[in-house]
Amino acid sequence: MVHALERAAALLAPGGTIVDLHPTPEPAHLDVMIGSNVTRIADRVDDGSPTAPTRRHAAADAALAACERSGVLIVRATIEFTFHTLADDVDELLRYVATKWKQLHFAEADLRRARERLGGSAGATVAITERVRATRMDAGR
Amino acid sequence: MTIRIDPERHEPEALARIGATFDGARVLEIGAGDGRLTRMYAARARSVVALDSDAESIAALRAAVRSPNVEALAHGFDAFDDPRRRFDVVLFSWSL
């Protein structure tokens, strides 16, 4: 990751900038939302294994910090925000995850709870909620 | 219904708040996927090189972003080797 950032810095035109978006190491979680009422179904939707997305996101943070320490990059602005992926039912969400997001893991009990909570409520959605960090950087030395 | 991704549009709002601007820029997007982010800024950019190692995703991007200023390449950043090119913005699109 450090190498990728170094290469990116070398590709910048004078005055150019690097923008990074990646989730924070905080695990993505599963919620059911009915109007403004949010019910947390699962605190994490990965298995915590060494290949889990949270490990990769922590490594990305470390790479950015290393590049800042070494002077390769200068961080100009950063912000965190909440990012939702919403579906009307659990099966629709699972189909999406199966194609796009292969390292997530859902416990059967959590899926059952989500289905029960969704019930037939009008406007109810099931959501994967992530915290994401956006960072703008300039090339340093 | 379909999957809704960032329906509150927090992501473009965050990019604006950190001062990321794509207007008139030569952009290299790394990990462009199916072009979810590319669609947001491509029309304002001068040129875009969108990279993703997943060929299916790049095919989806080409179908979704039909703009002559967008060059979509089905390979990863490691394989991108064009020493003549320089960019105003290099965007790591959830790809670090």
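Analyst: Leu12(A) stands opposite Phe87(B) in β5(B), where strands are DSSP runs of E of at least two residues, helices are DSSP runs of H or I of at least four, and both are numbered from the N terminus. The strand β1(A) is joined to β5(B), residues 87-93, by six bridges, and the two run parallel; strands count as paired if DSSP finds at least two bridges between them.

User: Before we go on, what kind of model is this, and how is everything numbered?

Analyst: This is a predicted model, in which local features need pLDDT of at least 70 and side-chain atom pairs count only at pLDDT 80 or more, while totals for chains, interfaces and linings use all residues. Residues are numbered from 1 along each chain as its sequence is written, chains are lettered from A and ligands numbered from 1 in the order in which they are written, and side-chain values use heavy atoms, with hydrogens and water left out.

User: OK, how many residues does each chain bring to the contact, and what area is buried between chain A and chain B?

Analyst: Chain A brings 41 residues and chain B brings 36 residues, with contact meaning heavy atoms within 4.5 Å. About 3,300 Å² is buried between the two chains, and carbon and sulfur atoms give 65% of that area; buried area here is the accessible area (1.4 Å probe) that two parts lose on being put together, summed over both.

User: Which three residues supply more than any other three of the area that chain A buries?

Analyst: They are Leu11(A), Val19(A) and Leu21(A), which supply 21% of the area that chain A buries against chain B.

User: And what about charges and polar contacts across the chains?

Analyst: One salt bridge is counted between chain A and chain B, namely the pair of Asp88(A) and Arg4(B) at 3.1 Å, N to O; a salt bridge is a side-chain nitrogen of Lys or Arg within 4 Å of a carboxyl oxygen of Asp or Glu. There are also 17 residue pairs in polar contact between the chains, both residues being at pLDDT 80 or more. A polar contact is a pair of N or O atoms within 3.5 Å; within protein, one must be able to donate a hydrogen and the other to accept it, and residues adjacent in sequence count only if both atoms are side-chain atoms.

User: Now inside chain A: where do Asp138(A) and Arg76(A) lie?

Analyst: Their side chains meet in a salt bridge of 2.7 Å, N to O. Asp138(A) lies in β5(A) and Arg76(A) in β4(A), so the pair ties together parts that are 62 residues apart in sequence. Arg76(A) is partly exposed at 47% relative accessibility, on a scale where buried means under 20% relative accessible area, exposed over 50%, and partly exposed in between (1.4 Å probe, protein chains only).

User: Which residues are linked in a network of salt bridges?

Analyst: The network links Asp61(A), Glu80(A), Arg131(A) and Arg133(A). Within it, Arg131(A) and Glu80(A) meet at 3.5 Å, N to O, and this pair connects β5(A) with β4(A), 51 residues apart. Arg133(A) is found in β5(A), and a polar contact of 2.9 Å joins its side chain to that of Asp61(A).

User: Switching to β2(A): why is it described as largely enclosed?

Analyst: Five of the six residues of β2(A), residues 29-34, are buried, so the strand is largely enclosed by the rest of the structure. On one pairing, β2(A) and β5(A) are antiparallel over six bridges, with Val32(A) and Val126(A) as bridge partners. β2(A) also pairs with β3(A), residues 37-42, in the antiparallel sense over five bridges, and there Leu30(A) has Ala42(A) as its bridge partner.

User: What does Gly35(A) do in that hairpin?

Analyst: Gly35(A) takes a positive phi near 60 degrees in the hairpin of β2(A) and β3(A), which has two residues between the strands.

User: Which residues of chain B have a positive phi without being glycine?

Analyst: Arg9(B) is one of them, with phi near 60 degrees, and this residue lies in the loop between β1 (4-5) and α1 (10-17) of chain B. Trp94(B) has a positive phi of about 55 degrees, is placed in the segment after β5 of chain B, and is partly exposed with a relative accessible area of 24%.
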